[in-house]
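Please keep the sequence and the 3D view at hand while reading.

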Amino acid sequence: MKDNMLETIMQRIREAPRIMLFRHIRIDGDCVGATKGLQEILRQSYPGKEVYLIDDQHSDYLAFLGPDDPPLPDEMYVGALGIVVDTGDRGRISNPRYALCRELINIDHHIEKVPYGDYAWVEEERSSACEMIAALYYAYRDELVLTPRAATCLYTGMVTDSGRFKFRGVTGETLRYAGMLLDAGVDTESLYAHLYLKDFDSLTFKAYLYEHIRRTENGVAYLYVSRAMQETFGLTFEAACTCVSSMDSIKGCLCWIAFIETPDGDGSIRVRLRSRFVTISALAERYRGGGHACASGSTVYDETEVQALLAEADQLVADYKATHEGWM
């Protein structure tokens, strides 16, 4: 797969002596894997280039992929080529110094609300940004170098953003790229241990959650995780956010939502929305968020907004069930 946009992006990369990589706030496996994987590919393919990844957001969950680069002065950004990965709009770019770069490339798989970047490669149907970087490598495999480290980073993002290859965006091409990455030397036993082993406190938290899952009339499962609850179980905010996956296998519940109080001090509540069959991205956008058709995020600020979002989600599921067959 080589098209005009990919060739344009590759040409800008070839010509740039310095490249700065960027990703979205509230980092996850896909944006971390994609930026780290791309950095490793570019550094190994073009040893004479400077390729930096600088971000002040960190994740214990993804620490096994290694640290980012140390901070650099603003002048290092000036004149550099910026590449933003896995970020649906400018406001979600975690490092604001992207604005100092002379040009910006946008590589993303989110539903695009406001286009940005001098060059944009956006494929909303892709399962992950890591899949897109894998596709870029494959298209230029005679020029680019894929190391086991790069493959591990990209495979991490593909696994986490696709729900272990269960979500709607997974295609035969997704699995073929995953196979290519495995062939490059991914240690899956170690990788899955890092991603999915749980400490005992997190298991007691999950047991607590199962007793407190609630359902709306038409089939929206939901949980509310307060700051006090996070402190009681010794959870990081990141660990608390994973509770949304505890509700993904309830028959008749086509949408499941986790409300997690943030440590930001502004009263914000992080909302993680997931669904089966039902498209929920537009709902997330109405509450300061967005994302994919069946996996999105948003932010609310009080109980009134929590109840309003739940009511809209319940109506969404009711409408879907009334007009479709075959749902479970």
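Across the whole structure, a search finds nine aromatic pairs. The model is a predicted one.

**An aromatic pair**

- The ring centres of Tyr138 and Tyr177 lie 6.0 Å apart and the ring planes meet at 65°, so this pair is edge-to-face.
- Tyr138 belongs to helix 3 (residues 129-139) and Tyr177 to helix 5 (residues 172-183), so the pair ties together parts that are 39 residues apart in sequence.

- Five strands make an open sheet in the order 2-1-3-4-5, and their pairing is parallel.
- At the edges stand strand 2 (50-53) and strand 5 (119-122), each of which pairs on one side only.
- On average, and with direction ignored, neighbouring strands of this sheet are turned by 15° against each other.
- Strand 1 (residues 18-22) and strand 2 run parallel and are joined by four bridges; Met20 has Tyr52 in strand 2 as its bridge partner.
- Helix 1 (residues 4-15) lies across strand 1, strand 3 (81-85), strand 4 (103-108) and strand 5, and runs at about 130° to strand 5.
- Helix 2 lies across strand 1, strand 2 and strand 3, and runs at about 165° to strand 2.

- Strand 9 (residues 269-275) and strand 11 (residues 295-300) run antiparallel, with six bridges joining them; Arg272 stands opposite Gly297 in strand 11.

**Helix 2 with helix 3**

- The axes of helix 2 and helix 3 come within 8 Å and cross at roughly 20°, which means that helix 2 is roughly parallel to helix 3.
- This crossing of helix 2 and helix 3 is left-handed.
- Asp30, Gly33, Ala34, Leu38 and Ile41 in helix 2 meet Ala129, Cys130, Ile133 and Tyr137 in helix 3; the contact residues divide into seven nonpolar, one polar and one charged.

**Helix 2 with helix 4**

- Helix 2 (residues 29-45) packs with helix 4 (residues 148-161) at an angle of about 160°, their axes being 8 Å apart; the two helices are therefore roughly antiparallel.
- The crossing of helix 2 and helix 4 is left-handed.
- Residues of helix 2 in this contact include Gly29, Lys36 and Glu40, while those of helix 4 include Arg149, Cys153 and Asp161; the contact as a whole divides into five nonpolar, five polar and five charged residues.

**Helix 4 with helix 5**

- The axes of helix 4 and helix 5 come within 9 Å and cross at roughly 150°, in a left-handed crossing.
- Ala151, Leu154, Tyr155 and Met158 in helix 4 meet Thr174, Tyr177, Ala178, Leu181 and Leu182 in helix 5; eight of these contact residues are nonpolar, one is polar and none is charged.

Methods: Residues numbered from 1 in each chain as written. Predicted model: local features only at pLDDT ≥ 70, side-chain atom pairs only at ≥ 80, totals over all residues. Heavy atoms only, no water. Axes fitted to C-alpha atoms, helices over the stretch in contact; angles between N-to-C directions. Parallel < 35°, antiparallel > 145°, perpendicular 65-115°, else oblique. Left-handed = near helix turned anticlockwise from the far one by under 90°. Contact = heavy atoms within 4.5 Å. Nonpolar A, V, L, I, M, F, W, Y, C, P; charged D, E, K, R; others polar. Pairing = 2+ DSSP bridges. Phe/Tyr/Trp six-rings, centres within 6.5 Å; stacked < 30°, edge-to-face > 60°.
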